[in-house]
Amino acid sequence: MAEQRRNQRDGRDDREGAPLVPEVRRRPVSDEEAHAWEALVATARRTVSDGLVVGTSGNVSVRVGDTVLVTPSGVPYDRLTPDDVTGVDLAGRQMLGTLVPTSELPMHLAVYRTTDAHAVVHTHAVHATAVSTLVTELPAIHYMSGALGGPARVAPYATYGTDELAENMLRALADRSGCLLQNHGTLTYGTSLDQAYDRTAQLEWMCRLWLTASSVPGLTPSLLSEQQLAEAGERLAGYGQRR
């Protein structure tokens, strides 16, 4: 691991297929970026502790102005420090740090370029990944589907880290804030890291719920109608405390 970190700081990555970002424009890290990095690392560690990813799979990002802070490729989240801030601009040019950004950078940037997202969470959650191999859309098993804009679609499979995967993901995200990635995992976004993470956790929970209900022999789960989901979505939009 020490060798891996040295290689990353030199601009190389031991992981096959991980993208290299050759143009590094180092500049000082602002206070806002430092705080955002701290929150990003905490969220990334939570994906591990909550069982949504294993090892260094999955990735997290947060937008600060025109800079996107992202988890670096192949570095365990419990080893990330304040000095490991990794950031790129919306074109993918590295602006902060020397660690190679996540190999899924194309997906993250595609979301920021086309939505109002301020945070993105990508996981390899077990139940959601299992569902992604069975259907083209998660059935409307629970009203929390309304929090994502409707039933989560499944983006067709493409090799990780490619523009093709990013394009498939964007189509699945149309009018949605989360989707499944076939034989891969999940991706959700939000106006904050907390919201993006909560949507990921809810999506995994709904996938687990559907798999559980579907496994009962001789019975078929009842599903919600489009109208029922729309009504739930409207109520969920005003859920919680006003600030």
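**Stop 1: Thr-129**

Select Thr-129. Beyond residues up to four places away in sequence, Thr-129 touches His-124, Asn-183, His-184 and Gly-185; contact means heavy atoms within 4.5 Å. Thr-129 sits in helix α4, residues 126–132. Helices (H or I, at least four residues) and strands (E, at least two) are DSSP runs, numbered from the N terminus. Is Thr-129 buried or exposed? Thr-129 is buried, at a relative accessible area of 18%. Buried means under 20% relative accessible area, exposed over 50%, and partly exposed in between (1.4 Å probe, protein chains only). Now show the backbone of His-184: its oxygen lies 3.5 Å from the side chain of Thr-129.

**Before you go on**

This is a predicted model: local features need pLDDT of at least 70, side-chain atom pairs count only at pLDDT 80 or more, and totals for chains, interfaces and linings use all residues. Residues are numbered from 1 along each chain as its sequence is written, and side-chain values use heavy atoms, with hydrogens and water left out.

Colour by pLDDT, the predictor's confidence in each residue, from 0 to 100. The chain average is 90, and 87% of the residues score at least 70. Next select residues 1–22. Here pLDDT stays under 50, although the model has 49 contacts beyond four places in sequence for this stretch. Where pLDDT is low, the predicted coordinates should not be read in detail.

**Stop 2: the whole chain**

Zoom out. The chain has 7 helices and 8 strands. Of its 243 residues, 49% are buried. Among contacts with a separation of 6 or more, 68% join residues 24 or more positions apart.

**Stop 3: the sheet**

Show the strands. An open sheet of 8 strands runs in the order β4-β3-β2-β1-β5-β8-β7-β6, with mixed pairing. The edge strands are β4 (94–96) and β6 (154–155), each pairing on one side only. Two strands pair if DSSP finds at least two bridges between them.

Go to β3, residues 87–89. β3 and β4 pair antiparallel over 2 bridges. Gly-87 stands opposite Leu-96 in β4.

Now select β5. What is buried in β5? The count is 5 of its 5 residues. Ala-119, Val-121 and Thr-123 point one way, while Val-120 and His-122 point the other. On one pairing, β1 and β5 run antiparallel, joined by 4 bridges. Look for Val-60 opposite Val-121. β5 also pairs antiparallel with β8, over 5 bridges. There, Val-120 has Tyr-189 as its bridge partner.

**Stop 4: Thr-186**

Move along to Thr-186 in strand β8, residues 185–190. Thr-186 is buried, with a relative accessible area of 0%. Which side chain makes a polar contact with the side chain of Thr-186? It is that of Thr-123, at 2.7 Å. A polar contact is a pair of N or O atoms within 3.5 Å; within protein, one must be able to donate a hydrogen and the other to accept it, and residues adjacent in sequence count only if both atoms are side-chain atoms. Leaving aside neighbours within four places in sequence, Thr-186 is in contact with residues including Val-121, Ala-128, Cys-179 and Leu-203.

**Stop 5: helix α3**

Finish on α3, residues 105–114. Of its 10 residues, 7 are buried, so α3 is largely enclosed by the rest of the structure. Leu-105, Met-107 and Tyr-112 are among them.
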